[in-house]
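Hello,

Here is the structure we talked about. Please open it first, then read my notes below.

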Amino acid sequence: MRKILLPLLLLSVGLYSCKKEKEDLSEIAKGNQFFPTEIGKYIVYDYDSTIWNDQLGVPLPYKGQLRYTVVDTFRDAAGRLSYRINVERRKNDTDPYMPNDVLSVTPTENRVELMQRGLTFIKMVFPVASSPSWNGNALIALGDKDNAEYDNDKWKYTYANFDNEFDPGNNLYEHTVTVNQIDDQLNDPDVDSTAYAYRNYSQEVYAYNVGLVYRERIYWEFQPKVGGSGGSGFKKGYSVVLRAVENN
């Protein structure tokens, strides 16, 4: 279902002015409506993911749909108003949705925190147009091998392409902002299979009054067989791309 995000205000050509355009842009730049949390709001994504299994030695592809729905509110340990988001999954658009995950989102005046599977991310800080870079993983405990993908000093969240149009695949969203999070790589096993390699990449795009409309995440490691490393000679990790296809 094609949905196009409309401008904040529809103005007649005769009344349109540069001053009004600046005021509207300033309202968008506040940023809080890039991550709306009203009860009942939902977004449906097509997902395309790959699991690299170093034991099997083959990539395992997965495709389907995910639906994120804001279903309830609660107070977190600090007494802040938070929102529960149910995540449901299905293989295609003719199957029924099945429960997949539960997230919580805590919006404040100057940022948005999202907790998923025990990890809390600072997804956005406000205002979006003038905010410097920030440590979006500051609330994640490092030193745990289960969190190794976040134990990298190249993680630095920064905004780009503020108020640009963006099409994740078949929808055009007019007011968006990109959050670049990490883009790090060492070696390439397709070029040199004798050297240790890794890839760590993460980017998200948010649309005004909609929320997250695109996400790309890649994380894998490669341990070579040669040189006494004891590696498998295959990648171990995952990649996932989410593309918004429907929202209310």
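The largest pocket is lined by 39 residues. Nearest its centre lie Tyr 68, Asp 101, Gln 116, Arg 215 and Leu 242. Keep in mind that this is a predicted model. The space in this largest pocket comes to about 1,100 Å³. Which strand gives the largest share of the lining? That is strand β1, residues 42-53, with six residues. By class, the lining of the largest pocket has 24 nonpolar, six polar and nine charged residues.

Now the second largest pocket. About 330 Å³ of space lies in it. Its lining has 14 residues. Lys 145, Tyr 219, Glu 221, Lys 236 and Gly 237 lie nearest the centre of this pocket. Two elements give two or more residues each to the lining: β10 (211-222) and β11 (235-247). The lining of the second largest pocket divides into five nonpolar, three polar and six charged residues.

Next, the aromatic rings. A pair of such rings is described by two things: the distance of the centres and the angle of the planes. The structure holds 10 aromatic pairs. One of them joins Trp 134 and Tyr 159. Their centres are 4.9 Å apart, with 45° between the planes. The pair counts as tilted, because stacked needs under 30 degrees and edge-to-face over 60. Where do the two partners lie? Trp 134 is in the loop between β6 (119-125) and β7 (158-166), and Tyr 159 is in strand β7. The pair therefore ties together parts that are 25 residues apart in sequence. Trp 134 and Tyr 159 are both buried.

These two rings also belong to one aromatic cluster. The charged end of Lys 235 sits over the ring of Trp 220, 4.4 Å from its centre.

Last, find Gly 31. It is in the loop between α1 (18-29) and β1. Is Gly 31 buried or exposed? Gly 31 has a relative accessible area of 0%, so it is buried. What does Gly 31 touch, leaving out residues up to four places away in sequence? It touches Phe 126 and Val 128. The C-alpha atom of Gly 31 is also 7.8 Å from that of Val 125, although the two residues are 94 apart along the chain.

Best wishes

Technical notes: Residues numbered from 1 in each chain as written. Predicted model: local features only at pLDDT ≥ 70, side-chain atom pairs only at ≥ 80, totals over all residues. Heavy atoms only, no water. Phe/Tyr/Trp six-rings, centres within 6.5 Å; stacked < 30°, edge-to-face > 60°. Helix = DSSP H or I, 4+ residues; strand = E, 2+ residues; numbered from the N terminus. Buried < 20%, exposed > 50% of the residue type's maximum accessible area, 1.4 Å probe, protein only. Lys NZ or Arg CZ within 6 Å of the ring centre and 35° of its normal. 1 Å grid on protein atoms, 1.4 Å probe; cavity = no way out; pocket = protein on both sides within 12 Å on 5 of 7 lines; lining within 4 Å. Points joined across faces, edges and corners; volume = space filled by probe spheres on them. Nonpolar A, V, L, I, M, F, W, Y, C, P; charged D, E, K, R; others polar. Contact = heavy atoms within 4.5 Å.
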